[in-house]
Every structure is written in structure tokens, then in C-alpha cells.
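How do the terms used for a protein model follow from its computed values? The questions below take a few such terms in turn.

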Amino acid sequence: MGAPRLEIDLDKIGHNVRSLCTLFATKGICITAVTKAVLGDPLVAKVLVDNGIKAIGDSRIANIHKMKEAGIETEFTLIRSPMPSETEEVVQYADISLNTETAVIKLLSRYAAKHGKRHQVILMVELGDLREGIMPSELGSAIAETLAMEGVELVGLGTNLACYAGVNPTPENMAELCDIATRLRSEYDIPLEIISGGNSANYEWFVSTADLGQVNNVRIGEAILLGRETLRRERIPGLYTDAFTLVAEVIERKTKPSFPVGPRSQDAFGDMFEFEDKGSVSKAILGIGRQDVDPSGITPRIAVECLGASSDHLILDAKDTGIVVGSEVTFDVDYSALLRAMTSPYVAKEFLGHP
Ligand SMILES: *Cc1c(COP(=O)(O)O)cnc(C)c1O
């Protein structure tokens, strides 16, 4: 296969998801595996389901539609609050959606009735990270309104931390979520059986907290795909961090000055960088750029250094690696680089292992 390409090791993803399912099950937590970083890829989804996952979440209804069309049989959750304009598709393809606006739930209710479906709703609670969520003081009225609607069933509460403001999941905010659930259960006489505590950032809370309260679900993407928790991006013991390999090809290899020549203004992206004069250096250019990957999120697996990138070129200090025109250079990817590489039509995807 040509370059650039992303090699996706399905066996490593299978190992990671199996390990995490087993680990979280020891404290009664069920994982909703999140597929948005792989755009709902059906081969990845199949590996997840074959390795113990009973629920898949994605932020895009198009991804959920794609997985369903490909024959992936599991429960699907839309994990981004639905846009009003997509609510009819949401009831058709997703079993559950995470919601914060009763105006949207009203539309879900209308289309659920139209299609003869029962759509399950989880209300998201704002606990300090300041992305999606209903303020705790306003949950009561949201619940009352939702309970009055036909076609939708309120099945639980959720929260999302560590995404916008980087607020950590803690024993305190997780207990707050559970206390809110307890209060609302008795106030409205409802089961609220799903308490969805968060995402890959909940790993540290999970391992270090003896009593997880009523939290019985987490929505996990990055930890499965890249083997890391997301507060400090530390490797989770026993997981693979290299299930994805980015491969790019050398298109120029020359000895050049390290310091630019001539008067300087902004670069192609409006930035101005400082350069250090290190004399002549051995440089390589790879046929990959910002249109294909987030250059700040890639780490070479050989002893070269990334100097910079434009739309279509990545410039390396090739050091004494001996790479030549036509050589392939491999990289680890972080979440941002993975997302962009998956989304770029110019990056081929090659699947290794499992069917
Ligand atoms: C993306 C997302 C997740 C998964 O996050 P990871 O860091 O990949 O585990 C969970 N919940 C919501 C609402 C999300 O948007």
C-alpha cells in the first residue's frame, strides 16, 4: 500500500478493549466504546463487539448509520447532543442519545412517535467542565418535561469532564452525580438506571477509588484506541499504545542550512518561528502535511526530529539515520493526529490482524 498511510492493528485494539472491559467490570462498570476517532469504522467496531463491548457511542449520527449499515449489532448511543435538524435520523439509527435541551428532546419525541420507536434519553449534568450539561438546579424541570413526552424514555444521567476546561473526575464530583441521581429518583419516582460517569479521563478515579457509588457506565474512546488515560496521557498498564502507525515517505533528502536565508515574514499558516543556527544539517522532506495529520501530535519511531510542516510537506532533521528518497518513516500518533489522519482522504488505511 502507498504512503501516507495509517496502519491499524486490530489485534492490539482487541487486546486493549478486552483488558479494559475486564478491568472496569471488576467494579461493576460497563463500557460504552467510543468510535468517533476512527469515524465509526466498521472493522474497528466489529473488533470491539467481538471482544466484549455491548454498547458503542459516537458523536456523529453518520458514523452510527455507517456501522449499522455494515451489520454491527449492538446498542448505539449518540454522545453529542443532537442537532435539531438531525433528530429524525437520531431516532432511526441511535438507541440512546445524550441530551441537554428539552426543545431537542421534544423533537426526538415527535420523530420517535412518527417512526413507532422508543428513544432512550440520558440527561447530561454540568459538573464544572463547562461543555455540555444541564445545571444541577435545572435538572428537575428538565426531567418533569421529559417524563411528560411520548416516545422517549429517560434512562439515566451522565456527565462529561476533562474535555473543555480539563476538570478532573474526582471522588467528590462523581459522588455529586450519584447524590443528584438519588435525589431525583425519589423526587420523580423513576429508576435512572444508567449513571454514566465520564470518559478515558475517569481511569485514575476508577483505579484509585474504592467505592464508585452508583456509576455503572463510562464512555471510553482514547484509552481503547491509544492505550492511555487522558489526564496526563500516561500509558495504562498492559495496554498497547501503538495500535496505530502513521507511515510517510521521503521525497527529498539533502544537506541544507539550519538557518533561513533572506528577510522573513509570516509562514504559510501566518506564524513566525525563531530558528537556531546549527550550521548545515541533514534534512529530509516527507510527503505528508497538515492536510493529512496534526504535525504536533506525531512522534517518530526513529531518531529524527520534526522541524515543521506546511500543508503537504513535513520537514525533518534526518540526523544520521541513513534515510533516503523513497524510505518510509513511521510515527506514533496522539488523539489529534489520529483524528486528522483518519479524516484525511489522502491517508490510506491499512488494517492488520483480526478479520
Ligand atoms: C469523545 C467523548 C467521549 C470519549 O472520550 P475519550 O477521551 O476518547 O475516552 C465520551 N463522552 C463524550 C460526551 C465525548 O464527547
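What follows sets single values against the cut-offs behind each term.

This is a predicted model, in which local features need pLDDT of at least 70 and side-chain atom pairs count only at pLDDT 80 or more, while totals for chains, interfaces and linings use all residues. Residues are numbered from 1 along each chain as its sequence is written, and side-chain values use heavy atoms, with hydrogens and water left out.

Q: Why is phenylalanine 275 called partly exposed?
A: Buried means under 20% relative accessible area and exposed over 50%, with partly exposed in between (1.4 Å probe, protein chains only); phenylalanine 275 has a relative accessible area of 41%, and is therefore partly exposed.

Q: Why does alanine 162 count as partly exposed?
A: The relative accessibility of alanine 162 is 22%, so this residue counts as partly exposed. Its phi is near 65 degrees, a positive value in a residue other than glycine.

Q: Why is arginine 233 called partly exposed?
A: Arginine 233 has a relative accessible area of 40%, and therefore is partly exposed. Phi of arginine 233 is also positive, near 55 degrees, in a residue other than glycine.
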